[in-house]
Amino acid sequence: MACCKRVIPQNAARMFSRPAPILKKSRVQELLIQGKNRTCLEIGAGCLRNSLFLLGEGFKITAVDLPGIEERFPKQYRRFSKGGGRVLLGKLPKNEKFGFAVCTFVIETICEPAKRLRLLKNVAGSLSRDGFLILSARGPADVVTAYADGIKCSDGFLTPQRTFVRSYDRPQAYSSIALGWIFTDRIAAQAWNQKA
Ligand SMILES: C[S@@+](CC[C@H](N)C(=O)[O-])C[C@H]1O[C@@H](n2cnc3c(N)ncnc32)[C@H](O)[C@@H]1O
């Protein structure tokens, strides 16, 4: 899609000192406690707020984002690497399985729907058989108000910061993701048989 070429995905990342709210949900906290020895893959790690939190909780973590992101948050990337975290830019690890994956506020910033799906399918392929994905995406209320001035593109909007955004309500998220256990901000649901 031509309009998607204008997007600079890394611009969507902002500095946060706290992990995404989903990581504090009681169901997710339970999973993290039960999964103490699991390895973790974070996709679209941005300023590393989740990866640094999980590293601090003792997880072995690999953070994936796009090239150039570490220049936006140099202190955080240095601290993460020094603490034993692994960073991969522009690619997912090959031939490696993870106990769980975290992806917060990423899929709705990817302009091409096919790219979103490909990313999620690759993430699914990087999970162990009983692996799970912790996923957050912005809901309709977040996006309509914040981006009322956006320019229509793909199935969402371009913003003045050259980012893309669309919202996902719960059924949309489930019907576009065919991944196994998905934990969203509000619920945990099994979606193995959803169509892509
Ligand atoms: C809105 S930010 C969210 C960052 C972080 N997850 C958070 O919650 O603060 C979206 C992030 O996804 C990254 N991203 C977009 N497309 C990606 C892709 N195909 N692979 C890896 N990262 C991607 C962007 O570079 C950006 O850092």
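Helices (H or I, at least four residues) and strands (E, at least two) are DSSP runs, numbered from the N terminus. By that count, the protein has 7 helices and 10 strands. The model is predicted: local features need pLDDT of at least 70, side-chain atom pairs count only at pLDDT 80 or more, and totals for chains, interfaces and linings use all residues. Residues are numbered from 1 along each chain as its sequence is written.

**Burial and contacts**

- A residue is buried if 20 or more other C-beta atoms lie within 10 Å of its own, exposed if 12 or fewer, and partly exposed in between, with C-beta atoms placed from the backbone.
- Of the 196 residues in the protein, 40% are buried.
- Two residues are in contact if their C-beta atoms, placed from the backbone, lie within 7 Å.
- Take the contacts between residues at least 6 apart in sequence: 69% of them join residues at least 24 apart.

**The largest nonpolar core**

- A nonpolar core is a set of buried Ala, Val, Leu, Ile, Met, Phe, Trp, Tyr and Cys residues joined through C-beta atoms within 7 Å.
- The largest one has 48 residues, and Cys-40, Ala-101 and Cys-103 touch the most other members.
- Strand 4 (residues 98–104) gives the most to this core, with 5 residues.
- Leaving aside neighbours within four places in sequence, Cys-40 has contacts that include Leu-54, Phe-59, Ile-61 and Ala-101.
- In soluble globular proteins, nonpolar side chains tend to be buried together.

**Helix 2**

- The buried residues are Arg-49, Asn-50, Ser-51, Leu-52, Phe-53, Leu-54 and Leu-55.
- Their cover includes strand 1, strand 2 (60–65), helix 4 (74–82) and strand 4.
- After helix 2 comes Gly-58, with a positive phi near 95°.

**Helix 5**

- Helix 5 (residues 113–125) has 13 residues, which should span 18 Å at 1.5 Å a residue; its end C-alpha atoms are 18 Å apart, which agrees.
- The expected span is 1.5 Å times one less than the number of residues in the helix.
- Arg-116, Leu-120 and Val-123 are buried in helix 5.
- They cover an arc of only 55° around the axis, so they sit on the same side of helix 5.
- That arc is taken from the directions from the helix axis to the C-beta atoms.
- An α-helix has 3.6 residues a turn, so residues three or four places apart point the same way.
- On the other side of helix 5, Ala-114, Arg-118 and Gly-125 are exposed.
- The buried residues of helix 5 pack against strand 1, strand 4 and strand 5 (127–136).

**Loop residues**

- Leu-48 is not a glycine, yet its phi is positive, about 75°.
- Leu-48 is buried, with 29 other C-beta atoms within 10 Å.
- Arg-162 is also not a glycine and has a positive phi of about 60°.
- Arg-162 lies in the loop between strand 7 (156–158) and strand 8 (164–165).
- Arg-162 is partly exposed, with 13 other C-beta atoms within 10 Å.
- Gly-90 is in the loop between strand 3 (86–89) and strand 4.
- Gly-90 is exposed, with 10 other C-beta atoms within 10 Å.

**Around the ligand**

- Of the 22 residues around the ligand, Ala-12, Ala-13, Gly-44, Gly-46 and Thr-104 come nearest.

Technical notes:
A residue is near a molecule or strand if its C-beta atom, placed from the backbone, lies within 6 Å of it.
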